[in-house]
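Here are a few notes to go with your first look at this one. Have the viewer open as you read.

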Amino acid sequence: MTVMEQRGAYRPTPPPAWQPRTDPAPLLPDAEPYRVLGTGAADKVDPELLRRLYAELVRGRRYNTQATALTKQGRLAVYPSSTGQEACEIAAALALEERDWLFPSYRDTLAVVARGLAPASALTLLRGDWHTGYDPREHHIAPLSTPLATQLPHAVGLAHAARLKGDGVVALAMVGDGGTSEGDFHEALNFAAVWQAPVVFLVQNNGFAISVPLAKQTAAPSLAHKAVGYGMPGRLVDGNDAAAMHEVLSEAVARAREGGGPTLVEAVTYRMEAHTNADDATRYRQDTDVDAWRDHDPILLMERELTERGLLDDDLKRQAADDAEAMAADLREHMNQEPVLDPMDLFTHVYAEQTSQLREQAAQLRAELEVASEEEVASGEAEEETR
Amino acid sequence: MSTVAAKPVTKSATKPATMAQALGRALRDSMAEDPSVHVLGEDVGALGGVFRVTDGLAAEFGEDRCTDTPLAEAGILGTAVGMAMYGLRPVVEMQFDAFAYPAFEQLISHVARMRNRTRGAMPLPITVRVPYGGGIGGVEHHSDSSEAYYIATPGLHVVTPATVSDAYGLLRASIASDDPVVFLEPKRLYWSKADWNPDAPQTVEPIGRAVVRRPGRSATLITYGPSVPVCLEAAEAARAEGWDLEVVDLRSLVPFDDETVAASVWRTGRAVVVHESGGFGGPGGEIAARVTERCFHHLEAPVLRVAGFDIPYPPPMLEKHHLPGVDRILDAVARLQWEADS
């Protein structure tokens, strides 16, 4: 029998005292998505804000239907519609001040437009004539990100830089439910919490990552729960309730601006259309599921509230509809114009200064273009002669 | 060429310095000169980096300028993108070559193309420091030569120094560049020494110019980074065979200095490309093709490659068989069909 085997002879040294770094309780989200419309909380909301949200929702819906129509006319290569999710998009834009930054995902053209970018400019990427289509620094809007969740660390880095500068700028980054499975989502939230960066993460949980439902995406009680593990509060909100979205995002933005650190907001919503015009949603979901969400449409919820409080008069309705139509007409007009593109642009913005390799390739393309244009002139003259 | 840190040269201050020290000095001088330069990465603060390149930066400039990050390479580079979008000049450290792979999506999908996709509105002045290559007895994932991945990505500059003074000059130029630079640091040259006076006016090398390290008439060895000293050694050894080898140090893979390389091969008529990374799909294939396109009528022999084998980087006890050494280079030179010339 060794010393270790003699009972009582060995006294284990207790480990150093351990305690959690943060009390998790205040970080946990509500059990139910937070709602304002149709509840007592709505009474406290400024009527003018409700009217503005209504008009923006109507405009946003019109934008979605117009852009979808443009894909059918071949004027737009692809459009991922946010119909049904307009409340999230509008609230994300309105919660920010002009100096703040928005980091949208590919489905968030509507948030970009609601933030003030020209409706046609927001579709440049999806039209396919150039990539971003606007100067991010001028509008404080990052390029629409196609890779999932990769724009989230950018938002954290920018917010971190702004915090170091002390200028009170906040970044709001948008991602879908599928994007929360990506590694960049995890790394962004972790960096943000460690650095206490003034950033707000908005997850639009619209039920599907193309065809894969949320149940196959995560085993977490909610996506808002993911915040707790990083040490930041998670908020669960009804994503179709524009007033609730506006309140929760505005609070999170204010908290970030005051040095309170990041917040993760999960908006529970639903994608009424297919993933894009190229997708067939009937293969993975039932019409009855979609119909169940029709009664919870963000515009309908707002109309009910406004009607209940006597705030929805004919003037507001007409004004909102007219504004939306004007925007749609403007969008159609811009999209019907053939873009004027300079092929030599291909080599202009790869580096600050062209490498000799790119100069050679640019010369090659220039020569090809000259031959093509000479041939065009020659064929025009030949046509002229035959007449 | 421009000079910086115009302090008086004092002879006594010139003493042996390592490449790691020169790199550290370049970071320090860049940070002192430009408050927008920020260093971030894993262990870059109190520890000074696992290779001590960032030694003293956190103490001198504070943790906000030299920041220990969470251990996440995509996060390190991804947050650097946001910092650069806001006007900072981040210099990120990837610690080891193979550790940079999680950051590839950020590098390729965002860093390399932000200028292009925004039509020049948003250049990203980010320097990504990647210690790379073998020869230090590192275990798996600590010795990769990953340059082929970087040079295949338009929008990135790819730079690699081989001398102490180039380490300083090229890193200064990389940090000052308005475009993203992948700065590959040859790990096994970190402790190589040269007489170097950090207080003397330093040459800041423009990115994209190769240099003839050793003039010669018989054949050109085209190389870069960790293989430069090996090629110089091979050139010395070749004298016994009667071969007078020229050694061209590329210093920059992107942009590629076709002019210097072609001028050398026009003179010598023979060329061997030497690098550690695998030959198949490696930089040597591109370089050999470029040389052939420009110098075909001056060539006395096919352009040969001496590269690492096309294998995952071997365990340390076997790496000496993988790395191109003097003998393998001389064997290649011997295969340059000398009889055709005599």
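1. Start with one pair of side chains: B:R251 and B:D166 form a salt bridge, with 3.2 Å from N to O. Keep in mind throughout that this is a predicted model.

2. Where does that pair sit in the chain? Chain B splits into domain 1, covering 17-196, and domain 2, covering 211-335. The rule picks out 3 salt bridges across the interface of these two domains of chain B. Residue pairs in polar contact between domain 1 and domain 2 of chain B number 12, counting pairs with both residues at pLDDT 80 or more.

3. Now look at the domain 1 side of chain B, where it touches domain 2. The elements giving two or more residues there are α6 (147-151), β7 (157-159) and α7 (164-176) of chain B. Sorted by class, this side has 13 nonpolar, 10 polar and 4 charged residues.

4. How much area is buried between the two domains of chain B? About 1900 Å², and carbon and sulfur atoms supply 60% of that. In terms of contacts, 27 residues of domain 1 of chain B meet 22 residues of domain 2. The centres of the two domains of chain B, taken over C-alpha atoms, are 26 Å apart.

5. A word on confidence. Chain B has a mean pLDDT of 94, with 95% of its residues at 70 or more, and the model scores ipTM 0.93 and pTM 0.94.

6. One stretch to treat with care: residues 1-10 of chain B stay under 50 in pLDDT, though the model gives them 24 contacts beyond four places in sequence.

Notes. Residues are numbered from 1 along each chain as its sequence is written. Chains are lettered from A and ligands numbered from 1 in the order in which they are written. Side-chain values use heavy atoms; hydrogens and water are left out. pLDDT is the predictor's confidence in each residue, from 0 to 100. Contact means heavy atoms within 4.5 Å. Domain bounds come from an automatic or database domain assignment. Buried area is the accessible area (1.4 Å probe) that two parts lose on being put together, summed over both. A salt bridge is a side-chain nitrogen of Lys or Arg within 4 Å of a carboxyl oxygen of Asp or Glu. A polar contact is a pair of N or O atoms within 3.5 Å; within protein, one must be able to donate a hydrogen and the other to accept it, and residues adjacent in sequence count only if both atoms are side-chain atoms. Helices (H or I, at least four residues) and strands (E, at least two) are DSSP runs, numbered from the N terminus. Ala, Val, Leu, Ile, Met, Phe, Trp, Tyr, Cys and Pro count as nonpolar, Asp, Glu, Lys and Arg as charged, and the others, Gly among them, as polar.
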